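Reader: I would like a close look at one part of this model, the site around the ligand. Please take me through what surrounds the ligand and the space that holds it.

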Amino acid sequence: MPLPIAELHLHIEGTLEPELAFELAARNGVALPYADTDALREAYRFADLQSFLDLYYALMAVLRTERDFEDLANAYLARAAAQGVRHAEIFFDPQAHLARGVGMETVVEGLWRALGSSVQNHGVSTRLILCFLRDESAESALATLDAATPYLDRITGIGLDSAEVGHPPAKFREVYGKAAALGLRRVAHAGEEGPPEYITEALDVLGVERIDHGLRCAEDPELVERLVRERIPLTLCPLSNVRLRTVDTLADHPLPALLDAGLLCTVNSDDPAYFGGYAGDNLDAVRDTLGLSDERLRELARNSFLASFLEDDEELRARYLAEVEAYVFP
Ligand SMILES: Nc1ncnc2[nH]cnc12
Ligand SMILES: [Zn+2]
């Protein structure tokens, strides 16, 4: 039995496995510029975040109907559950779909068909987090939040993703202010490729409650001290960092140093179909390569539930935390 964890940094579009991409392409009459799944997998060699994003957005062309989003989410939930994920806070990128003529309703209703029955079907509780694309305009983010208004009962929070460098958090001050007023929780990618200053800005200007990635905080000891003091969680994604060359090798990952510093770190998969592993694979990799002890792994699992947005169901959080403490490592 795998260690029970919450996954807090997961882009649902990044769970599109090549096999499902080809199935959806055939179903929707979309031509893919790859001969087969092997040829597509060959394209999964990334130089940096942008080279990944180019493929990530291009492959979304196969996602067209509610059923497509439902199938995508069900495939993720089944795989995640098999690796110990008990709770998933799932990002989605509506602007990438709206730009292709796929409406907010199709995306949210489709995802909800899977998420709404996930506890029964997969044993995984879920929350949905709407991400704004930071390389789009602030006005586009505001229009996207407006388009999501009818679905806010299904959306727990907002996030910020896509190409980081050159798109500092402050650009999205207004939309984060509006989202806060609507009672939405706030997170943002920061310090993945961007500098530590973006992390500070996300906290001070956007009022985020967690930092997605955030690994470049390791370059600024005062920032690390602040994150520890304020108990700001980091949603780290080790295999993603290796594939996108944010770290040279997994052995160079700052996770052990950040844990030693007292940071509330969590381990997540980001875009598992593209980066070679789901949440449990990421935990196995850091255990094997970074030599994390069983108690460190338990700490990561505990952190994931503490950092989750389960304030609306503290009883469930307590149950998950009890599962973590009772877990016996093989
Ligand atoms: N790792 C990542 N960083 C920024 N934007 C993303 N969108 C999907 N995955 C992402
Ligand atoms: Zn991400």
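**The site of ligand 1**

Author: In this predicted model, a polar side-chain atom of Asp270 lies 2.7 Å from a nitrogen atom of ligand 1. The protein covers 100% of the 260 Å² of accessible area that ligand 1 has on its own.

Ser162 takes part through its backbone, with an N or O atom 2.8 Å from a nitrogen atom of ligand 1. His11 takes part through its side chain, where an N or O atom is 3.4 Å from a nitrogen atom of ligand 1. That last distance falls inside the cut-off for a polar contact, which is within 3.5 Å.

Asp270 also stands out in its backbone. Its phi is near 70°, a positive value in a residue other than glycine. Most residues other than glycine have a negative phi. Asp270 is found in the loop between strand S8 (265-267) and helix H14 (272-275). A positive phi is also seen at Arg231, which is not a glycine either and has a value of about 55°. Arg231 belongs to the loop that runs between helix H11 (221-229) and strand S7 (234-236).

Ligand 1 is surrounded by His11, Leu49, Phe52, Leu53, Tyr56, Asp161, Ser162, His189, Glu192, His213, Asp270 and Asp271. Sorted by class, these are four nonpolar, four polar and four charged residues. Helix H3, residues 49-59, gives the most to this shell, with four residues.

The space itself comes next. Ligand 1 sits in the largest cavity. The count of cavities of 30 Å³ or more comes to one. About 110 Å³ of space lies in the largest cavity.

To put the parts together: ligand 1 sits in the largest cavity, H3 gives the most residues to the shell around ligand 1, and the nitrogen contacts include one from the side chain of Asp270, one from the backbone of Ser162 and one from the side chain of His11.

Notes
Residues numbered from 1 in each chain as written. Chains lettered and ligands numbered in written order. Predicted model: local features only at pLDDT ≥ 70, side-chain atom pairs only at ≥ 80, totals over all residues. Heavy atoms only, no water. Near = heavy atom within 4 Å. Polar contact = N/O pair within 3.5 Å; in protein donor to acceptor, adjacent residues only side chain to side chain. Areas by Shrake-Rupley, 256 points an atom, 1.4 Å probe, with all protein chains shown as cover. 1 Å grid on protein atoms, 1.4 Å probe; cavity = no way out; pocket = protein on both sides within 12 Å on 5 of 7 lines; lining within 4 Å. Sits in = over half its atoms within 2 Å of the grid points. Helix = DSSP H or I, 4+ residues; strand = E, 2+ residues; numbered from the N terminus. Nonpolar A, V, L, I, M, F, W, Y, C, P; charged D, E, K, R; others polar. Points joined across faces, edges and corners; volume = space filled by probe spheres on them.
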